[in-house]
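User: I have a structure open and want to go through it piece by piece. Can you take my questions as they come?

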Amino acid sequence: MTSGTNRQRPVVLSGVQPSGRLTIGNYLGALKNWLPLHTEYDCHYMLVDLHSISVRQAPADRLERCYEFIALYIACGLDPDRNVLFVQSHVPAHSELAWILNCYTQYGELQRMTQFKDKSARHVDNVNAGLFCYPVLMAADILLYGAHRVPVGDDQRQHLELTRTVAQRFNREHGETFVVPETMTPPVGARIMGLQNPEAKMSKSEDAETNAIYLLDEPKRVERKIKRAVTDMDGGIRFDPDTKPGVSNLMSILSACTGDSFETIARDYDGKGYGTFKQAVADAVIAVLEPIQQHYTEIRADEEGLRGVLRAGAARASERAGGTMERVHHALGFIPA
Ligand code: TYM
């Protein structure tokens, strides 16, 4: 279904979980690609604090992180006047729709989720029901706004597939209620790998310090991390993730930062050695991060201003969410309130 909302412009929705520290992977795989979408779509970007409680974190750290991430959204260039920026827990309908969708999601479907398998293996002492039902809350986030497109990195594809399955199942049983969303991933940068372990994705919460580049890393630190990134003995600059995962990952980072193709990069650095190549990658990453860092400090300092942005965002988000919940209640045969 393409309506589900009577507004004109198609809807975009995405979000980040406030855990760990935002990495260049989050930026290149998601945030950067959100920036231009407001020209074509009604864009909604969330901080998914409810998702983040599925893994333990000290409340004071979470609070700090929530402010930090929202300030970084804005510092990266997300204009609150052109995008709805909000916090998931400020719109209670997320939790309500998640419960409803739990009843339309099969146990076996959730058991197959690779992120659940990974996270439950890493947090064996806390394999809670929230961790298991996490993708259902994510489906609720998306379906609540009638999102047509969901711009994410590669690791969220499976969750998006499940969202589509659940939406289609509900629509089949109750008539067209939800928009079935499409996943949007960038051609380059959808899966940035670790610098020390290029066989696994760079992660904001699980990695050793030197495996990831954080958006707030100072330039010298960025340079040091990239210089120490794992490569190989072959010496060639070629995109071949199977045999040259480290070099291919650095090429992806460079390409996503500069817009240069892999062919151009391979040609430009042919025979120049890894030292020169790594310096170019470091320079490109620093050029991306410096303006973000310059804006960040001022934006982060104004907590009242940030809360104002979030209040306005929640009000706009609630309006759209309310319409969906009315349709869902009606579809389910609930007495109108
Ligand atoms: P999260 O917080 O793990 O990641 C936020 C976004 O960053 C992308 N990403 C990456 N992209 C490229 N390379 C990487 N190494 C990398 N690591 C992370 C993710 O794909 C994501 O787009 N469940 C989601 C948050 C969420 C959400 C939603 C997203 C909750 N509800 C609704 C979209 C729509 C998550 O934990 O993302």
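**Ligand, strands and rings**

Analyst: To start at the ligand, one of its oxygen atoms lies 2.7 Å from a polar side-chain atom of Lys204. As a polar contact, that is a pair of N or O atoms within 3.5 Å; within protein, one must be able to donate a hydrogen and the other to accept it, and residues adjacent in sequence count only if both atoms are side-chain atoms. This is a predicted model, where local features need pLDDT of at least 70 and side-chain atom pairs pLDDT 80 or more, while totals for chains, interfaces and linings use all residues. Residues are numbered from 1 along each chain as its sequence is written, and side-chain values use heavy atoms, without hydrogens and water.

User: Which residues around the ligand come nearest?

Analyst: Tyr134, Asp141, Asp155, Ile192 and Lys204, out of 27 residues around it. A residue counts as near if one of its heavy atoms lies within 4 Å of the molecule.

User: Switching to strands. How does S1 pair with S2?

Analyst: Strand S1 (residues 11–16) runs parallel to S2, with six bridges between them; pairing requires that DSSP finds at least two bridges. Val12 is opposite Cys43 of S2. Helices (H or I, at least four residues) and strands (E, at least two) are DSSP runs, numbered from the N terminus.

User: And which strand do four bridges join to S2?

Analyst: That is S3 (residues 84–87), also parallel to S2. Phe86 in S3 is the bridge partner of Met46.

User: What unit does H1 make with S1 and S2?

Analyst: A right-handed β-α-β unit. Right-handed means that, with the strands pointing away from the viewer, the path from the first strand over the helix to the second runs clockwise.

User: Why is S2 called largely enclosed?

Analyst: Because five of its six residues are buried, S2 is largely enclosed by the rest of the structure. Buried is under 20% relative accessible area, exposed is over 50%, and partly exposed is in between (1.4 Å probe, protein chains only).

User: Now the rings. How many aromatic pairs are there?

Analyst: Searching the whole structure gives nine. Rings of Phe, Tyr and Trp (its six-membered ring) pair if their centres lie within 6.5 Å; planes under 30 degrees apart are stacked, over 60 edge-to-face, the rest tilted. One of the pairs is Trp34 with Tyr45, stacked at 4.3 Å centre to centre and 5° between the planes. This pair links distant parts of the chain, with Trp34 in helix H1 (residues 24–34) and Tyr45 in strand S2 (residues 42–47), 11 residues apart.

User: Are Trp34 and Tyr45 buried or exposed, and which cluster are they in?

Analyst: Both Trp34 and Tyr45 are buried.

User: Last topic: where is Gln57, and what does its side chain contact?

Analyst: Gln57 is in the loop between H2 and H3. Its relative accessibility is 16%, so Gln57 counts as buried. The Gln57 side chain makes a polar contact with that of Arg65 (2.5 Å), and one of its polar atoms lies 3.1 Å from the backbone oxygen of Pro18.

User: What about Ile53, buried or partly exposed?

Analyst: Ile53 counts as partly exposed, because its relative accessibility is 48%. Its place is in the loop between helix H2 (49–52) and helix H3 (59–75).
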